[in-house]
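Hi there,

Here is the structure I promised to pass on. Have a look at it first, and then read on for what I found.

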Amino acid sequence: MVERIIRLVVIALLWIPAYILVVRFNLHMFQLNGYKNNEQITWLNKNFRKQWILIWDFWLGVARCFYGALWLDIVIALSLIMTILVYRAHKRLNTKKKLVMTARVKRLTVTIVILSDAIVMPLSLFVNGWLSTGLLLVALGTQFWLNIVANLVNRPMEKSVGNWYIKDAMKKLQSVRDIKIIGITGSYGKTSVKFYLQTLLQSKYNTLVTPESFNTPMGVVRTIREHLKPTHEIFVCEMGARYVGDIKELCDIVHPQMGVITSIGPQHLETFGDMAHVQSTKYELAEAIPEGGTIFLNGDSEYVRDQYKKWKQTPQGNKVATTFYFSETDPSDCPDGETGYRARMTSVSQLGTSFTMTTPDGETEEFQMRLVGAHNIINVAGAITVAHRLGISLKELKIPVRKIQPVPHRMQLREHGEVTIIDDAYNSNPVGSKAAVETLKLFTGVRILITPGMVELGDKEEEYNYKFGTYAAGCCDYILLVGKKHTEPIKKGVLDSGFPEKKCLTYDRLEEALNYAYGIHDEGHKYILLENDLPDNY
């Protein structure tokens with residue numbers, strides 16, 4: 001009896017840290033997957049090998065429920081030690097976006113613990129007495145799916161809590177009289193346009209914008225409840241989407257009078273399914289604008305123009321004013337003869353970019369900005385267009401445009417002695433990645449690309465990554481790929497373009513690629529482009 005208790009105590013002492021680490025890891029991944037059961041299940045299927053040891057623990061637990069041999073307890077102890085080591089390694093590696101202990105995570109944790117107890121307690125009465133250690137292993141082995149069950153259990157409560165917060169935010173927003181609400185969405189560029197617009201508008205208006213990438217319903221609600229003041233005159237609300245109906249849900253909360261669609265392109269195709277769904281979802285913003293409101297559209301985007309033709313034929317499309325803005329596309333290509341605002345680059349270098357902006361009535365002004373790369377012009381042009389329509393003249397906007405700063409992790413330059421980091425690590429896409437390497441080509445020195453490739457592109461992922469490789473081959477001196485899983489098509493595109501194989505290398509981790517890049521001794525200043533940084537759940 002004493003020996004049995006000692007064995008139980010040893011296993012229990014090992015089980016506790018193993019349980020905590022396993023629960024924490026799966027909650028972290030669940031949070032990164034947006035608390036969506038279907039995305040968590042997809043992630044589990046793709047990353048089964050990361051948690052194979054839980055299956056081993058589960059079957060060890062089943063065996064221990066019926067056999068109490070000493071050798072089996074030794075195997076269980078060793079397995080628990082291995083589990084601790086595996087999940088400690090996961091914790092060290094998953095550092096890009098840490099687990100945030102929100103109220104929702106705390107509620108999920110409580111439910112998971114209760115469900116674990118529900119597995120252990122009742123069954124312990126029937127298998128090998130109450131001292132059975134097998135059920136501890138069974139409870140541990142089920143943790144990779146238990147948060148999905150806990151989420152289902154908590155769903156009514158979470159819906160009730162969410163609805164209360166939403167109603168409170170809507171009430172607070174409605175209490176600010178005469179506030180102008182501008183919604184911004186797009187496959188890419190929406191965060192940049194949001195912050196550029198903030199810089200331009202705050203020269204004349206008291207402006208609130210959703211911080212960072214707060215573009216989900218709860219992110220927007222939190223912004224309103226915590227930061228909106230009666231003195232605010234304009235609220236700029238970024239609207240993100242991964243599924244059809246996401247933009248409509250946000251519009252039903254804030255009710256924008258103006259909207260900006262910054263782009264439409266192949267993004268989140270895994271969840272949208274096809275480009276038709278992406279297009280219709282982005283135009284949910286246009287459909288939400290009331291009669292007399294204005295929707296601003298990026299005329300350079302072919303998908304935006306195509307969807308506009310369909311939307312304009314609807315009753316809603318005829319009630320809303322439309323303003324296009326252009327950079328690379330000739331305004332004559334605009335549907336229905338719309339003229340719009342036109343930006344034209346005059347010069348670009350590693351120090352900044354100059355361009356002219358022409359309004360529909362012919363007014364023209366020259367602008368200079370610190371942002372590097374011609375691709376930034378269209379987003380700044382969008383911000384200028386909105387600010388001008390809100391009563392700020394082009395001449396008044398010249399100084400605010402000079403003040404525009406790069407958005408963090410979006411072509412942000414950071415100097416480190418003999419090395420310049422060009423940080424474009426946030427959420428790479430086919431259009432932005434091509435523009436990024438073309439900007440890298442402008443720099444004089446050793447040009448190094450570090451990238452893990454692009455994701456969430458559905459069955460087009462391999463094609464777009466291959467094309468990215470062909471673009472990069474003509475712009476870089478070294479190409480360092482991170483992770484074999486997503487970068488094989490890039491490498492093929494690079495090598496098919498005649499790039500030297502000895503200068504296209506693959507590494508398991510970003511740190512290894514950076515160490516190699518810093519160690520390159522070619523003559524000249526080094527420019528390292530960090531293009532995309534996959535989140536921990538990849």
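**A pair in helix 9**

E226 is partly exposed, with a relative accessible area of 46%. Please keep in mind that this is a predicted model. The side chain of E226 meets that of R222 in a salt bridge, at 3.3 Å from N to O. R222 also counts as partly exposed, at 45% relative accessibility. The two residues sit four apart in helix 9, so about one helical turn separates R222 from E226.

**Other salt bridges**

That pair belongs to a count of 14 salt bridges.

- K194 and E238 form a salt bridge whose closest N and O atoms are 2.7 Å apart. K194 belongs to helix 8 (residues 190-201) and E238 to strand 3, so this pair ties together parts that lie 44 residues apart in sequence. Both K194 and E238 are buried.
- D73 and R64 meet through their side chains in a salt bridge of 2.6 Å, N to O. Buried or exposed, these two, D73 and R64? Both are buried.
- R104, R107 and E158 are joined in a network of salt bridges.

**Helix 10 and its buried side**

Next, please turn to helix 10, which runs over residues 246-254. Which of its residues are buried? They are D246, I247, L250, C251, I253 and V254. These residues cover an arc of only 155° around the axis, and therefore lie on the same side of helix 10.

What covers them comes from several parts of the chain. Among the covering elements are helix 7 (143-175), helix 9 (217-227), helix 12 (275-282) and helix 13 (284-288), together with strand 1 (180-185) and strand 3 (234-238). Helix 9 is where R222 and E226 are found, and strand 3 is where E238 is found. Just after helix 10 comes H255, which takes a positive phi of about 50°.

**L530 in strand 15**

The last stop is L530, which has its place in strand 15 (residues 526-531). L530 is buried, with a relative accessible area of 11%; the cut-off for buried is under 20%. What does L530 touch, apart from its neighbours within four places in sequence? Its contacts are I421, I422, D423, D424, A425, I450, L510 and L514. One of these, L510, is 20 residues from L530 in sequence, and their C-alpha atoms are 9.5 Å apart in space.

Best wishes

Note on methods. Residues numbered from 1 in each chain as written. Predicted model: local features only at pLDDT ≥ 70, side-chain atom pairs only at ≥ 80, totals over all residues. Heavy atoms only, no water. Buried < 20%, exposed > 50% of the residue type's maximum accessible area, 1.4 Å probe, protein only. Arc of directions from axis to C-beta. Contact = heavy atoms within 4.5 Å. Salt bridge = Lys/Arg side-chain N within 4 Å of Asp/Glu carboxyl O.
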